[in-house]
Amino acid sequence: MAAGKRPDGRGRRPAVVKDVRRGGPPRGFWLALGLVAVLGIGALAYTASRPKTQVSRVDPSLPALKAEGYVLGNPTAPVEVVEYADFECPGCGQYATITEPDVRTKLVNTGKIRVRYMDYPLPMHKNTWDASLAAACANDQGKFWEMHDAIFAAQDRWNGEATGRPRKVLGELAKGLGLDMTKYDACMESETHRAKIESHRAEAERRQVNSTPTFSFNGTQVAGALPYDAFKKYVDEAAAKVPASASVAAPATGTTP
């Protein structure tokens with residue numbers, strides 16, 4: 001029997017298959033559709049899970065700061081920005097290396113704000129206390145902010161994921177800044193400033209800070225590593241509430257690190 005006339009219909013099967021293919025979408029269409037669906041689900045999951053900026057108002061009845069922290073800028077600047085931070089916190093490192101240079105140049109050096117850094121060492125960061133102690137010991141020699149910048153810039157060298165001996169790396173940073181290493185080593189060995197750092201941590205808890213970095217703009221408390229534009233918006237809002245007679249300060253003396 002000729003191949004095109006078989007009674008079981010096998011001679012017509014190619015035509016049937018051809019008709020089915022002509023009537024439905026190609027395989028690539030379904031693959032693309034599936035990819036779009038996966039990407040869409042991923043985008044929704046990210047939107048739902050990404051951290052939100054949290055804004056709160058500090059109770060105005062609370063007394064003035066008990067802990068001093070470290071101040072940068074003109075003491076008469078109309079807006080004080082208090083930063084509660086952990087040297088090992090990735091978000092704090094992001095702010096310090098990306099946003100803070102603009103904050104210093106455009107807001108601190110022009111006399112618009114002063115910045116007060118407060119240690120808030122978190123328990124999950126095993127090396128952060130050593131970093132805070134190193135910065136405090138550098139402060140004894142007038143180089144807190146230089147050490148602050150060096151610590152954040154080298155965060156991936158001394159943090160808990162990189163080493164179990166952070167003091168070696170921190171000591172190298174101190175030496176690179178030209179500190180008197182005999183004094184620095186003695187300060188670190190005796191942990192001279194542990195009580196001061198603990199007072200900073202206690203102050204943060206008293207003001208209900210629960211994450212780092214958290215910023216307080218003349219009492220408006222904002223959590224999260226803010227980009228410059230968002231940071232400036234909060235500064236402008238705080239400045240607008242300051243009496244006109246106190247709204248202008250002289251530029252910060254000298255240059256900030």
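Biologist: What makes you say that the charged end of Arg 194 sits over the ring of Trp 129?

Modeller: In this predicted model, the charged end of Arg 194 is placed 4.4 Å from the centre of the Trp 129 ring, and the rule asks for a distance within 6 Å together with a position within 35 degrees of the ring normal. The distance is thus inside the cut-off, and the charge is listed as sitting over the ring.

Biologist: Why is the pair of Phe 217 and Tyr 234 called stacked?

Modeller: The ring centres of Phe 217 and Tyr 234 are 5.4 Å apart, which is within the 6.5 Å required of a pair, and their planes meet at 25 degrees, which is under the 30 degrees set for stacking; therefore the pair is stacked. Phe 217 belongs to strand β5 (residues 214–217) and Tyr 234 to helix α10, so the contact ties together parts 17 residues apart in sequence. Both Phe 217 and Tyr 234 are buried.

Biologist: How many aromatic pairs does this rule give?

Modeller: The count comes to 12 aromatic pairs. One of them is formed by Tyr 95 and Phe 231, which are stacked with 6.0 Å from centre to centre and 25 degrees between the planes. This pair links distant parts of the chain, with Tyr 95 in helix α3 (residues 90–108) and Phe 231 in helix α10 (residues 228–240), 136 residues apart, and both residues are buried. Ring pairs also link Tyr 70, Phe 87, Tyr 117, Phe 144, Trp 145 and Phe 152 into a cluster.

Biologist: How do you know that a disulfide joins Cys 137 to Cys 187?

Modeller: The sulfur atoms of Cys 137 and Cys 187 are 2.0 Å apart, and because the cut-off is within 2.5 Å, the pair qualifies as a disulfide; a search of the whole structure finds 1. The link is left-handed, with -85 degrees about the S-S bond, and it connects Cys 137 in helix α4 (residues 128–139) with Cys 187 in helix α8 (residues 181–190), 50 residues apart.

Biologist: Why is Cys 137 called buried?

Modeller: Cys 137 has a relative accessible area of 2%, and since buried means under 20%, the term applies. Cys 187, at 6%, is buried by this reasoning too, as are Cys 89 at 4% and Cys 92 at 0%.

Biologist: Is Gln 208 buried or exposed, and what makes it so?

Modeller: Gln 208 has 66% relative accessibility and counts as exposed, because the threshold is over 50%. Gln 208 is found in the loop between α9 and β5 and has a positive phi of about 60 degrees although it is not a glycine.

Notes
Residues numbered from 1 in each chain as written. Predicted model: local features only at pLDDT ≥ 70, side-chain atom pairs only at ≥ 80, totals over all residues. Heavy atoms only, no water. Phe/Tyr/Trp six-rings, centres within 6.5 Å; stacked < 30°, edge-to-face > 60°. Helix = DSSP H or I, 4+ residues; strand = E, 2+ residues; numbered from the N terminus. Buried < 20%, exposed > 50% of the residue type's maximum accessible area, 1.4 Å probe, protein only.
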